Amino acid sequence: MEEMKFSEDKLNQVFHVGKPNLGDRDKFLDRVNKILDNRWLSNNGPNVQEFEERVATILGVKYAVAMCNATAAIEIACRALGLKGEVIIPSYTFVATAHALQWQEITPVFCDIDPNTHNIDPEKIESLITPRTTGIIGVHVWGRGCETMAIEEMAARRGLKVMYDASHGFGCTKGGRLLGTFGECEIFSFHATKFINTLEGGVAVTNNEQLAYQMRMMTNFGFTGYDHVDYLGINGKMNEISAAMGLTNLEAMDEIIITNRKNYEAYLKGLRGISGISVIDYDAAEKNNYQYVVIEVDPESCSRTRDEIVEALHKRNIIARKYFWPGCHRMEPYRSLQPNAGLLLPETEKLAARVIVLPTGQTVHEETIMRICNIIREFVEPSHIS
Ligand code: T4K
């Protein structure tokens with residue numbers, strides 16, 4: 001029956017999680033034309049400088065170093081901070097957080113999460129510290145800030161450095177304080193799928209002048225002057241067209257939040273009361289960008305499994321995602337290097353099996369959201385089909 005209904009479905013559009021949000025097209029194209037006129041395409045050009053200033057002002061930090069993506073930014077920040085040996089991170093994150101460490105032969109040590117926040121559980125960090133541990137990278141999953149105070153108090157006591165992967169959290173606060181202002185430094189992603197995008201891009205932000213300087217130099221091969229290299233650097237630079245896109249999208253930031261929030265509330269309404277399905281909440285006392293609409297499927301009370309629901313949505317061209325299934329520790333090379341890591345990650349394993357991320361953003365309208373919610377409702381509660 002269901003199979004027939006899927007094939008009869010006339011959806012001719014595909015709805016993706018992470019379809020980009022865009023600012024004013026004409027303003028972007030004007031900027032691109034100027035870039036082409038000036039023939040300054042990369043290497044700390046005027047758009048990158050303006051973008052960095054704008055980001056630093058919005059976040060209230062002293063320094064912002066724009067980079068080609070957040071993965072490179074995490075790598076550069078780790079190196080500039082002198083992290084080595086072992087660094088504690090959640091396994092419930094995009095694999096880039098772990099890869100940025102492993103790529104530099106630093107061992108990511110996976111810590112379990114708090115199932116209520118989806119973020120690293122500060123109470124489980126300390127038992128993972130060994131003589132080789134040099135730092136902690138908290139991840140503000142879905143833009144909901146980590147328990148920064150608990151993490152940083154413990155890290156200070158144990159002599160560890162703390163930085164954050166704030167890839168999801170541009171414009172969000174924790175305890176009323178904007179993400180970007182915590183730890184030694186924080187990294188945001190401006191990938192196409194993020195709340196604010198620069199096509200591809202990322203930024204490292206900090207209030208530490210020396211750290212900012214070092215990250216900036218490392219982003220450009222370690223050059224500190226013409227023909228003079230002082231650091232082991234890499235090519236991590238943001239290009240001018242990316243910065244132009246970023247500037248244009250920052251101008252639309254407030255509108256994007258309004259759209260995302262409206263969508264989030266439409267989902268809340270549309271999914272209300274479906275047995276075994278809950279939508280994660282955003283604390284109304286904090287600033288949120290509402291970029292992620294995340295639902296949890298409770299295997300105890302839902303009539304369908306998470307994977308069945310995802311499959312049902314895919315069949316109707318709703319490309320829902322299972323972020324961050326199955327958890328970094330179950331991906332290579334970590335699965336082989338740390339085959340028993342899962343034993344300490346029961347909450348991560350449970351959550352990774354429950355989550356579905358649904359499409360939102362500028363291209364998703366209320367009508368589509370109602371349609372998506374109805375697909376889920378009818379699939380989970382077939383007796384409710386009218
Ligand atoms: N840390 C965290 C916590 C992160 O979430 C990420 C990135 C990073 C670090 C690393 O940041 P970057 O180095 O990327 O700056 C996607 C994104 O590629 C990735 O940036 C993001 N996290 C992650 C959560 O999602 P995939 O493997 O799921 O990508 P893909 O190709 O399946 O695309 C995602 C969806 O977006 C699809 O449904 C299609 C849609 N899409 C994508 C692009 C690029 C569009 O509609 N238009 C587009 O232009 O990782």
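Colleague: How many salt bridges does a search of the whole structure find?
Modeller: The search finds 19. A salt bridge here is a side-chain nitrogen of Lys or Arg within 4 Å of a carboxyl oxygen of Asp or Glu. This is a predicted model, where local features need pLDDT of at least 70, side-chain atom pairs count only at pLDDT 80 or more, and totals for chains, interfaces and linings use all residues. Residues are numbered from 1 along each chain as its sequence is written, and side-chain values use heavy atoms, with hydrogens and water left out.

Colleague: Which residue meets Arg132 in a salt bridge?
Modeller: Glu86 does, at 3.4 Å from N to O. The pair links distant parts of the chain, 46 residues apart. Arg132 sits in the loop between strand 4 (107-111) and strand 5 (133-139), and Glu86 in strand 3 (residues 86-90). Strands are DSSP runs of E, at least two residues; helices are H or I runs, at least four; both are numbered from the N terminus.

Colleague: Is Glu86 buried or exposed?
Modeller: Glu86 is buried, at 13% relative accessibility. Buried means under 20% relative accessible area, exposed over 50%, partly exposed in between (1.4 Å probe, protein chains only). Arg132 is partly exposed, at 45%.

Colleague: What about helix 9? Which residue there forms a salt bridge with Arg261?
Modeller: Glu265, with the closest N and O atoms 3.0 Å apart. Both lie in helix 9, four residues apart, about one turn of the helix. Glu265 is partly exposed at 39%, and Arg261 is partly exposed at 37%.

Colleague: New topic. How much of the chain is buried?
Modeller: Buried residues make up 55% of the 386 residues.
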